[in-house]
Amino acid sequence: MKGKTIFLVAGATGYVLGARAGRERYDQIASAVGRLWGNPKVQSRVGDLEDKAGDLAKQAGSLAQDKVGAAAGSVAGSVKDKFSGNGDNSSSSSSSSSSDAPLGEQHHTRMPTD
C-alpha cells in the first residue's frame with residue numbers, strides 16, 4: 001500500500017510540474033487533490049497513521065533509552081573495574097572511594113516517556 005501511494009503522489013506531482021496544459025488543467029488537478037484530501041475516509045486514515053507513527057516513535061525512544069542505559073552501565077562498570085582494581089594509582093582510588101555511590105550511578109538521566 002505504501003509503495004502504491006508514493007507512486008501515485010509522485011506521478012501526480014510529476015504530471016502537475018511537467019504538464020503544458022496550462023493553468024486551467026492545473027486548477028482542475030488542484031481541485032481534485034483538495035477534494036481527495038478533504039474526504040473523511042482519507043482523513044480517518046491519516047489520523048490512524050499519525051497515531052501509529054506516534055506509537056512507533058515512543059517504542060523507538062524507549063528502546064534507545066534502554067540501549068543507551070545498558071551501554072552507559074557497561075562503560076561505567078569497566079571504568080570502575082579499571083580504577084578500583086589498580087592499586088598503583090592512589091589518587092584515582094582515593095577519588096573513587098570519596099563517594100558512596102558506585103561510578104555510573106552518581107548521575108542518571110532519564111528521557112521523558114510521554
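Of the 114 residues in the protein chain, 4% count as buried, where buried means under 20% relative accessible area, exposed over 50%, and partly exposed in between, with a 1.4 Å probe and protein chains only. The chain exposes about 9,700 Å², and carbon and sulfur atoms supply 58% of that area; accessible areas come from the Shrake-Rupley method with a 1.4 Å probe, and for residues only the protein chains shown count as cover.

Please note that this is a predicted model, in which local features need pLDDT of at least 70, side-chain atom pairs count only at pLDDT 80 or more, and totals for chains, interfaces and linings use all residues. Residues are numbered from 1 along each chain as its sequence is written, and side-chain values use heavy atoms, with hydrogens and water left out.

I turn to the fold. The protein chain has four helices and zero strands, in the order α-α-α-α along the sequence. Helices (H or I, at least four residues) and strands (E, at least two) are DSSP runs, numbered from the N terminus.

Helix 3, residues 40-84, has 45 residues and spans 65 Å from first C-alpha to last, close to the 66 Å expected; the expected span is 1.5 Å times one less than the number of residues. Why is Gln-43 classed as partly exposed? Because its relative accessibility is 33%.

Next, the largest pocket, with a volume of about 790 Å³. Of its 20 lining residues, the closest to the centre are Thr-5, Leu-8, Val-9, Leu-36 and Trp-37. A pocket is an open set of points on a 1 Å grid over the protein atoms alone, where a 1.4 Å probe fits, with protein on both sides within 12 Å along at least five of seven lines; lining residues have an atom within 4 Å of a point. Helix 1 gives the largest share of the lining, nine residues.

Technical notes: Grid points are joined across faces, edges and corners, and a volume is the space filled by probe spheres set on the points.
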